[in-house]
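Here is a short note for someone opening this entry for the first time. Please keep the sequence and the model side by side while reading.

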Amino acid sequence: MNRDREQQWADVALAPSPYRPRLELIAGFVPPSSVVLDVGAGSMELRGLLPAGCTYLPLDCVASSPETIVIDLETADAIDRIADVVVLSGVLEHLELPRRALGLLRNVAPRLLLSYDLRLEGEDPAMERGGWRNHMTEYQLISLLSGAGWAASRVAQWKEQGIFAAVLV
């Protein structure tokens, strides 16, 4: 990861999150007593929203605390953690190689919860928003997930973002 992007994510990790309502929505789909790997954990706000008995594992490309598992999904060969659920909240849009990352996560957990700011039909896919590296329609996202070995469907909506649940196939 280049120095500018590393600094960008370090700043994000330390800033208060405006996405608490999205995280609350996602947390509602996590079964109690699950081991949860929070990819792109940032300020680790998801931890306090999880159901009773959950074990929280923060993973990010920069360390916001000593317990953060530091892995860059763009370059990692493997993730050596086992979880029941992986959460990707506001992460996939920022990856140059989202299919590669989704493939890596297949070996981590059988369930995936993710948010994604969907591109509307007819909207310019090259539109830059918030440092995004990709911007897919719902059909493209479901196809990407399927190609990476996940069966997914939209389970909720938060603003312009779909909330998706996926299981390994």
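Which residue of β7 stands opposite Y116?

1. The residue is G162 in β7, which faces Y116 across the pairing. The model is a predicted one, and the remarks below should be read on that basis.

2. Strands β5 and β7 run antiparallel and are joined by 7 bridges. On the parallel side, β5 pairs with β4 (residues 85-88) over 4 bridges. There, L114 in β5 has L88 opposite.

3. How is the unit formed by β4, α3 and β5 handed? These three elements make a β-α-β unit that is right-handed.

4. Strand β5 is largely enclosed by the rest of the structure, because 6 of its 7 residues are buried. Burial here stands for under 20% relative accessible area.

5. Helix α4 spans residues 138-147, and L141, L144 and L145 are buried in it. Seen down the helix axis, the buried residues of α4 fall within an arc of 95°, so they line one face of the helix. An α-helix has 3.6 residues a turn, so residues three or four places apart point the same way.

6. What do the buried residues of α4 pack against? Their partners are the helix α3 (98-105) and the strands β5 (111-117), β6 (150-158) and β7 (161-168).

7. A last point concerns the backbone just after α4, where G149 takes a positive phi of about 95°.

Note on methods:
Residues numbered from 1 in each chain as written. Predicted model: local features only at pLDDT ≥ 70, side-chain atom pairs only at ≥ 80, totals over all residues. Heavy atoms only, no water. Buried < 20%, exposed > 50% of the residue type's maximum accessible area, 1.4 Å probe, protein only. Helix = DSSP H or I, 4+ residues; strand = E, 2+ residues; numbered from the N terminus. Arc of directions from axis to C-beta. Contact = heavy atoms within 4.5 Å. Pairing = 2+ DSSP bridges. Right-handed = clockwise from strand over helix to strand, strands pointing away.
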